[in-house]
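Please look at the sequence and the model below before reading on. The paragraphs after them are meant to be read with both in view.

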Amino acid sequence: MQVARQALEGVKVADFSWIIAGPLTAKFLGDLGAEVIHIESYTNPDNLRSISPMRDGVSGINRSATFARYNSSKYGLSLNLKHPKGLQIARRIVAWADIALENFTPGVMERLGLGYEDLKKVKPDIVMLSMPLLGHAGPLATHPGLGVQLSDLIGFGNITGWPDREPSTLPGAYTDFIGPYYALVALMAALDYRSRTGKGQYIELAQFEAGLQFIAPLIMDWTANGREPIRRGNECDHAVPHGVYACQGEERWCAIAVFSDEEWQALCRVIGDPALFDEPRFATLLGRKENAREIDRLIEGWTANHTAEEVMAKLQEAGVPAGVVANGKDLFEDPQLETRGFYKELVHAEIGPHHYPSPPFKLSRTPGEPRMPSPCLGQHNEYVCKQILGMSDEEFVEMLNEGVFE
Amino acid sequence: MLDPYRALDLTDDKGFLCGKVLADLGADVIKIEPPGGDPSRNIGPFYHDIPHPEKSLYWFAYNANKRGITLNIESADGRELFQRLVKTADFVIESFTPGYLDSLGLGYSTLSQINPRLILTSITPFGQNGPYRDFKTSDLVSMSLGGYVFLTGEPDRPPVRVGFPQAYLHAGMAAASGSMIAHYHRQLTGEGQWVDVSIHEACALLPTDSYNFWEITRLLEHRHGAVRVRPETGARLRRVWRCKDGYVNFELYGGALARAFTIPLVAWMDEEGMAPDFLRAIDWAAFDYSTATREEVDRIADAVSRFFLTHTKVELWEGGVKRRCVVYPVASPSEVLENVQLNAREFWVKVEHPELHDTITYPGACIRSPEAPQRQWRRAPLIGEHNVEVFEELGLSREEIVMLKQAGAV
């Protein structure tokens, strides 16, 4: 059987990044066929390796399913970058690579001797992309922080939750899921630019600035209208009902969003309650808006007697946007994700068989999917050194004995 | 960086951002709206609260740097013109319901015959196949089915979505990523392809651990509002703290992260005589919340919360920066506009809106390339603004354009 060419076949990536934003970017590249080397060290392993859940609840540097999620389709190399020979190997990888990716605090790569100016000497047309939190330059460039705090600095936390309560803030490191897309677009554009001009380049992608794209209209509501946003729960200006409704069972909810009269009438037909359907006060959007609480109560009277899955199925069948408020188990059992093969099972050396998310875009000729389980720390040291860098057995053993891979 | 390329953008708000980022990088992105304008021009907020299709700030934000034409692709003339445009295009981006373009005879099989190098990118609620293919969605529905809503909000109230619609923005950027990866492949092989983007899948990436926790431990994550709860001890770890004039984000980390969080904060509290003895005595590098008792955590949180209440957001942010301590404000747009980092980096752009006799300040582009910096900003197109320009480029005469306009094709 002929194996189809993969979209990014032949693209080589030196992945110096860690935690989520950088590794997720490189994972997508790897899933689409690029050769990616994830570079860490024993003295400074990727922080995510210590984050639960761990298989069987047993901690271990190779047992985090959280690390695994963002590192499929990569080779794992452990390299002591403070060892002169470790630095040498890093530079040989850069000479091999098309792309170098990092998201350390600005200045770290330069201090290691791996700043853009250093890399350019080794590989003049390298495309280097930095994804710092606040920017590579600027007065706060080196101020520390994580995506968790950044999403509040941008403003996501302040608008999320209830008007009469404190801000809810967003779960996880929300902004870590925005930067990677901009990084992918920038990297592909830069490779295209290189093929036309012969020139590599340095690209700076501040996660702060990427995250702000996702609330741009709110920023402009302030700059043009002087209006500050408020927390509104699940309210939406032009839709009633618009919320999540308690269903049968504990912590079971279904989201319902009705934007038009047709959707409203379809919802009423499904529920079959004359208190909704025959009520002239509810016939118009303005009427529904005014009576939103009463409508919510009536709808919840119906949803409470059905499972969330039933509510979704009945409403979708009638043409009303509705969806189960999915928990982890629901995602695991989601028939749509299942049919489309969104989660791909691979067997990890220590975690065993488990699932990796695919990129949320399917290319018809070169689809891409997680191809290799995430690497154990240093799992591919020998492969990378010998097969990719062409090191001799003797040289590799010498490096090993000198602690270059520690 | 993308100057040589052209994209035809047929999307509504489900896909605006895809064409926007290509346009920011220099591609010639032509937004194609139905005659009279895209219904997504009705999305607020509006400039000066004037509800008008040429005043939607949402439209402005995500269609800047594009050109705009109107074309009725349901009419025979419109279809024919669209096919002529496809010959000149590198990308077509659309967000119609699955099967709609096919029903017009403009599906991938037809378009790829017209232009084998073409990349067609389709953004739909659930993708082009599967049992949910024809389901309807909205931001709330997609974010719910994707698993993020379940984790957001307070435990004693229903789950909530992020306060500004996010689902379509993730999908738009996933689409741009897939399109550009397909573009790389095309430049090497000459092959175009069809990029199928599911909004549902873009959202399902967001809840970091839900799927993992269920698969590995059979535990379900729940929402806890502004705190985190340790399942082992029930200790409540606060993330959002009240201060004098609002809220700040801070986490009481032990271990390696304590160097940027707890250690400098306790030193700062000490400077101001607000660090109790027990707090100063804690060895933060060794401190581990998975084993700390609920009482111990509450006691620490109580001291920290008293300290935050004596300061304003600005004092805590600036004092934190000075001490390399991660205390971030829970900010609103007016505060972000004043952020010293963004201003020093000249992030904000003032975009001219001659029809409004005004300029509006936008977030600037985030992909910064000194080698190929972004060209000038152009406000989003008016309805049919570039009809004559684009159709003349296609070789139509002014008379023909006038004729087609009257026939309702453009």
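Predicted model: local features only at pLDDT ≥ 70, side-chain atom pairs only at ≥ 80, totals over all residues.

Residues are numbered from 1 along each chain as its sequence is written, chains are lettered from A and ligands numbered from 1 in the order in which they are written, and side-chain values use heavy atoms, with hydrogens and water left out.

Chain A, taken along its principal axes, has C-alpha atoms that fill a box of roughly 85 × 50 × 45 Å. Its secondary structure amounts to 18 helices and 12 strands, where helices (H or I, at least four residues) and strands (E, at least two) are DSSP runs numbered from the N terminus. Of the 406 residues in chain A, 63% count as buried; here buried means under 20% relative accessible area, exposed means over 50%, and partly exposed lies in between, with a 1.4 Å probe and protein chains only. Among the contacts in chain A with a separation of 6 or more, 68% come from residues 24 or more positions apart, a contact being heavy atoms within 4.5 Å.

In chain B, the domain assignment, whose bounds come from an automatic or database source, gives domain 1 (6–206 + 342–406) and domain 2 (227–330). The C-alpha centres of these two domains of chain B lie 43 Å apart.

An open sheet draws on both chains: its 7 strands run in the order 12(A)-6(B)-5(B)-4(B)-1(B)-2(B)-3(B), with mixed pairing, and two strands pair if DSSP finds at least two bridges between them. At the edges are strand 12 (362–363) of chain A and strand 3 (67–70) of chain B, each of which pairs on one side only. Within the sheet, strand 1 (residues 6–9) and strand 4 (residues 91–94) of chain B run parallel and are joined by 3 bridges. Helix 3 (residues 76–87) of chain B packs on the sheet, touching strand 1, strand 2 (28–33), strand 3 and strand 4 of chain B, and its direction makes about 150° with that of strand 1 of chain B; the axes are lines fitted to C-alpha atoms, for helices over the stretch in contact, and angles run from 0 to 180 degrees between N-to-C directions.

A:Ala255 is buried, with a relative accessible area of 0%, and, residues up to four places away in sequence not being counted, it touches residues including A:Val244, A:Pro321, B:Leu140, B:Val141 and B:Ser144. A:Ala255 and A:Val324 are 69 residues apart in sequence, yet their C-alpha atoms are 6.1 Å apart in space.

Helix 9 (residues 210–217) of chain B is mostly covered, 7 of its 8 residues being buried, and its cover includes helix 2 (65–69), helix 15 (328–333), strand 10 (343–348) and strand 11 (352–357) of chain A. Just after helix 9 of chain B, B:Arg218 takes a positive phi of about 60°. In helix 10 (residues 262–271) of chain B, the buried residues, among them B:Leu265, B:Val266 and B:Trp268, pack against helix 11 (277–280), helix 12 (294–308) and helix 13 (313–322) of chain B.

Most residues other than glycine have a negative phi, and most peptide bonds are trans. The bond between A:Val240 and A:Pro241 is cis, with omega about -5°, and A:Pro241 sits in the loop between helix 9 (216–225) and strand 7 (242–246) of chain A. Another cis peptide bond runs from B:Gly44 to B:Pro45, with omega near 0°. Positive phi values occur at B:Asn65, near 75°, and at B:Glu346, about 50°; B:Asn65 is buried, with a relative accessible area of 1%, whereas B:Glu346 is exposed, at 66%.
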